[in-house]
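I opened the model and kept notes as I went. The entries follow in the order I looked things up.

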Amino acid sequence: MVGVFRSAWQQYRSVPIVYRIGVAFVLGALVGLVAGQPATSLQPVGDLFVRLLEMIIVPIIIFTLLMATRELSPKNLGKVGGQVVLLYIATTVVAIAMGLGVSNLIDPGTGMTLEQTDVQTEQTPSLVDQVFSIVPENPFAAMAEGNILAIIFFTLIFGLGMTMVRAEVEPDSAVRNGIDTIFDIVDAGAEVMFKIVWGIMEFGVLGVFALMAALFGEVGVQAIRAYFTLSLTLAIAIGLQITLVYLLLLIRGAVGASPLAFLRGIKEALITALSIRSSTATLPVSMSDADENLRVKERVYGFSLPLGATINMDGTSMYLGIVAVFAANMVGVSLTLAEQFAILLTALLASIGTAGVPSASLVMMTAVLTQVGLPLEVIGMIAGIDPLLDRLRTMNNIAGDLAVTTVVAKWNDAIDLTDGVWADTPAEFSEEPVSATDD
């Protein structure tokens, strides 16, 4: 009997985890639709999966960022950092414009009447507050609170400081040896974290099943039908953003690589994002895909992905614009070009301050709707289906993070396009071999 179970387990493990998670996603949705409300009792299993991923966010950010600074001089850090931030801003602007454009064509919300709904909103932080929150008063408190931007800032400063000191002292000095020892420990810690990630992902098969069953058991079919146009608008805008911007413009155009190979390389991260709807919780899987599948060097993805999980919210910013048009149509208001430009700017700034956690965009909607004088009651109306739409937005965010990471890695000779998913690239997508080098 033991041998039978061992053989079955080995056969189960032989199936790539991404396919197992995909099957769990579909089966969970079906169970939720069939069982209805009783399926919500599975929610704790899904919550445990999310908590396991959240547990390792801070250590994996610290380890990978410190490893990235080990390979970067202050000059290169400025170069890579500038390219990453500029690309993140550019793709976000395009995403908002894409959302507004598709919304103007489909007109979500037309024919519906806004009902007065009690809405509990929080005060939207000002731009100054968002900037100041990046610099932690107490780095250890920031780590305990999970303040990702503050953690990234302090870790980068500390890692860069070690790199500068290491370059200034004598090769055999105690200080130089001590810094090298710290970096070696950090390297080992990063490897341990990635091993833990895949242990968590094994449990994630059950976690994803439970999350989907609980979601569809609670929402059901009726809520999806009621907001079909809103969902369709977001889905089309995301499809265009991923296809035209990430795959064709960035991957095919800037990298010269196969878009299909890129999708194969990030499928674990996309499915995870679709399942748990959190950019920060998906971060460990994104980093693993960048390292093992896309063959990007840690000195790039160790910086770009933690930063992207916090400030690069293409799907969120796109959705903020769509909701503004949705709200305007429900109250019979036509948004002018100037008002839509104001939405674009406000959504850009709001998305940067949006935490990479489930449904954080509901808070930031207050800034966008207030900017153009639209009723905040719409937030209460869409809150019921936001868990479903949030999954699509998070998937878009993760695809954008990894696309920008791949492009910046190509520009800085930090990707091996002859290995990983690129090794099976069809002939029509092949180019001269590019080997990554450790500077």
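**Entry 1: a helix pair.** I looked up how helix 12 (residues 279–293) meets helix 18, and they pack at about 40° with axes 11 Å apart. Axes here are lines fitted to C-alpha atoms, for helices over the stretch in contact, and angles run from 0 to 180 degrees between N-to-C directions. Helices are DSSP runs of H or I with at least four residues, numbered from the N terminus. The two helices are therefore oblique to each other. Under 35 degrees counts as roughly parallel, over 145 as roughly antiparallel, 65 to 115 as roughly perpendicular, and the rest as oblique. I noted that helix 12 passes helix 18 in a right-handed crossing. On helix 12 the contact is made by Ser279, Thr282, Ser286 and Ala290, and on helix 18 by Thr394, Asn397, Ile398 and Leu402. Contact means heavy atoms within 4.5 Å.

**Ground rules.** This is a predicted model, where local features need pLDDT of at least 70, side-chain atom pairs count only at pLDDT 80 or more, and totals for chains, interfaces and linings use all residues. Residues are numbered from 1 along each chain as its sequence is written, and side-chain values use heavy atoms, leaving out hydrogens and water.

**Entry 2: helix 18.** Helix 18 is mostly covered, with 22 of its 26 residues buried. Buried means under 20% relative accessible area, exposed over 50%, and partly exposed in between (1.4 Å probe, protein chains only).

**Entry 3: Thr405.** I picked Thr405, which sits in helix 18. Is Thr405 buried or exposed? Thr405 counts as buried because its relative accessibility is 0%. Its side chain makes a polar contact with the side chain of Ser304, at 2.7 Å. A polar contact pairs N or O atoms within 3.5 Å; within protein, one must be able to donate a hydrogen and the other to accept it, and residues adjacent in sequence count only if both atoms are side-chain atoms. Leaving aside neighbours within four places in sequence, Thr405 also touches residues including Tyr88, Val296 and Leu305.

Entry 4: Asp413 is partly exposed, at 28%. Asp107 has a positive phi of about 55°, although it is not a glycine. I found Asp107 in the loop between helix 5 (74–106) and helix 6 (127–132).

Technical notes
Left-handed = near helix turned anticlockwise from the far one by under 90°.
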